Amino acid sequence: MKAVIAYKADQKRGHAWRDYFGRSDPGVEFRVWPEFGDPAEVRYLAAWDPIDNLTAEFPKLEVLFSTGAGVDQFDLSSIPDEIQIVRLIDPAIVEGMREYVSFAVLALHRNILGYQQSQTEGTWKPVTTRSAADVCVGVMGLGSLGQAVLDAIEPFGYSLRAWSRSQHEIENVTCFSGSDDLQTFVSGCDILVCLLPLTAATTGILNRDLFNAMPGGSSLVNVGRGGHLVEGDLLSALSSGQLSNAILDVTSEEPLPTDHPFWKNPRILVTPHIASMTGYDTAANALLENIRRHERGERMVGVVDRSLGY
Ligand code: NDP
Ligand code: OXD
């Protein structure tokens, strides 16, 4: 049976991926929405947003690929078990995240948000810099992205911690796992980076209890999903001084509404979900390699465990 993949996400990227597939493997037919042809021929679907009536629309669907690293946009329980769900592990996403989190950690360590505020006031207010060795950066989530950002910031000499569901061992990183260890983990973090997937277990995890367990004056970087953060709790923690700053690439509502209090808060830097972006050839190649694996009867990279939600 021929391998037909339908694509429904960013059109420009779709056309580039179609060209890539055409050049690399004419045996796989890549169709870009709305020109899906006969939907009964479609065995693979790459999408960002959920698609209504998935199985009625594509009766022969075998694999649903997310065009991003996350799959929280899909209601996993509504997708029949026989359809595999696969997230995207793309070198461009990893690279972008390494850059963004390095920037965010350095900006927080070197008080850049404070200097930005001083600039708006026209005041010259140097603050003593702590040595990187005295600053502990903690990363929540030790997946393809969490591990890559730890690697990227290690050369600066920060003390490093990480927290995940299962226990990991990583050289030069103190690893914690499970909900019992969460408070102990955050109690040592001067800068906390959230790189978790959004699941039932992680929704609202960045909340008042967690902030209160962190050292006074510590900072937050959220590059996971807006649903990880209880926004009101962050605003309270910033106004009490329990947290000093936050860099947020994701918010509960995107685009962030123009009247949202985050925009005008000098202790917050908001970016519009750009920490990393799905690439062109790199991502198309990752997708094609997975289709080839599936065609050979091998396990694909990034298959989602529905019981865990990621
Ligand atoms: P992975 O699936 O590779 O890794 C997930 C990590 O989170 C694993 O280490 C896992 O633990 C840990 N984890 C999951 N659930 C829990 C839990 N309940 N308690 C503790 N740890 C948990 O994901 P990626 O690294 O590829 O991506 C992470 C997320 O980053 C994506 O889901 C997406 O939301 C976000 N993202 C944001 C982007 C942006 O531009 N802002 C771009 C790309 C991704 P274990 O190791 O034990 O399995
Ligand atoms: C992703 C994202 O999940 O862009 O890839 O957030």
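# Exercises on a predicted model

In this predicted model, Pro-255 sits in the loop that runs between β11 (243-248) and α9 (261-264).

## Exercise 1. Backbone exceptions

Solution. 

## Exercise 2. Packing of α3 and α5

Task: Describe how helix α3 (residues 91-109) packs with helix α5 (residues 144-153).

Solution. 

Step 1. Two packed helices are described by the angle between their axes and the distance between the axes.

Step 2. For α3 and α5 the angle is about 50°, and the axes are 9 Å apart.

Step 3. Angles from 65 to 115 degrees would count as roughly perpendicular and those under 35 degrees as roughly parallel; α3 and α5 are therefore oblique to each other.

Step 4. The crossing of α3 past α5 is right-handed.

Step 5. On the α3 side, the contact uses Ile-93, Val-94, Met-97, Arg-98, Val-101 and Ser-102. On the α5 side, the partners are Ser-144, Leu-145, Ala-148, Val-149, Asp-151, Ala-152 and Ile-153. Sorted by class, the contact of α3 with α5 holds nine nonpolar, two polar and two charged residues.

## Exercise 3. Packing of α1 and α10

Task: Repeat the description for helix α1 (residues 11-24) and helix α10 (residues 281-295).

Solution. 

Step 1. The axes of α1 and α10 come within 9 Å and cross at roughly 55°.

Step 2. α1 and α10 are therefore oblique to each other, and α1 passes α10 in a right-handed crossing.

Step 3. From α1, the contact takes Trp-17, Tyr-20, Phe-21, Arg-23 and Ser-24. From α10 come Asp-281, Ala-283, Ala-284, Asn-285, Leu-287, Leu-288, Ile-291 and Arg-292.

Step 4. The contact of α1 with α10 divides into eight nonpolar, two polar and three charged residues.

## Exercise 4. Surroundings of ligand 2

Task: List the residues around ligand 2 and find polar atoms close to its oxygen atoms.

Solution. 

Step 1. Ligand 2 is surrounded by Trp-48, Gly-68, Ala-69, Gly-70, Ile-93, Arg-225 and His-273.

Step 2. Apply the cut-off for a polar contact, a pair of N or O atoms within 3.5 Å.

Step 3. Gly-70 contributes a polar backbone atom 2.9 Å from an oxygen atom of ligand 2.

Step 4. Arg-225 places a polar side-chain atom 2.7 Å from an oxygen atom of ligand 2. For His-273, an N or O atom of the side chain is 2.6 Å from an oxygen atom of ligand 2.

## Exercise 5. Surroundings of ligand 1

Task: State which residues come nearest to ligand 1, then list polar contacts of this ligand.

Solution. 

Step 1. Among the 29 residues around ligand 1, those that come nearest are Leu-142, Ser-144, Ser-166, His-168 and Tyr-310.

Step 2. Ser-166 has a polar side-chain atom 2.5 Å from an oxygen atom of ligand 1.

Step 3. Backbone atoms take part too: a polar one of Leu-145 is 3.0 Å from an oxygen atom of ligand 1, and a polar one of Arg-165 is 2.9 Å from a nitrogen atom of ligand 1.

Definitions and conventions:
Residues numbered from 1 in each chain as written. Chains lettered and ligands numbered in written order. Predicted model: local features only at pLDDT ≥ 70, side-chain atom pairs only at ≥ 80, totals over all residues. Heavy atoms only, no water. Axes fitted to C-alpha atoms, helices over the stretch in contact; angles between N-to-C directions. Helix = DSSP H or I, 4+ residues; strand = E, 2+ residues; numbered from the N terminus. Parallel < 35°, antiparallel > 145°, perpendicular 65-115°, else oblique. Left-handed = near helix turned anticlockwise from the far one by under 90°. Contact = heavy atoms within 4.5 Å. Nonpolar A, V, L, I, M, F, W, Y, C, P; charged D, E, K, R; others polar. Near = heavy atom within 4 Å. Polar contact = N/O pair within 3.5 Å; in protein donor to acceptor, adjacent residues only side chain to side chain.
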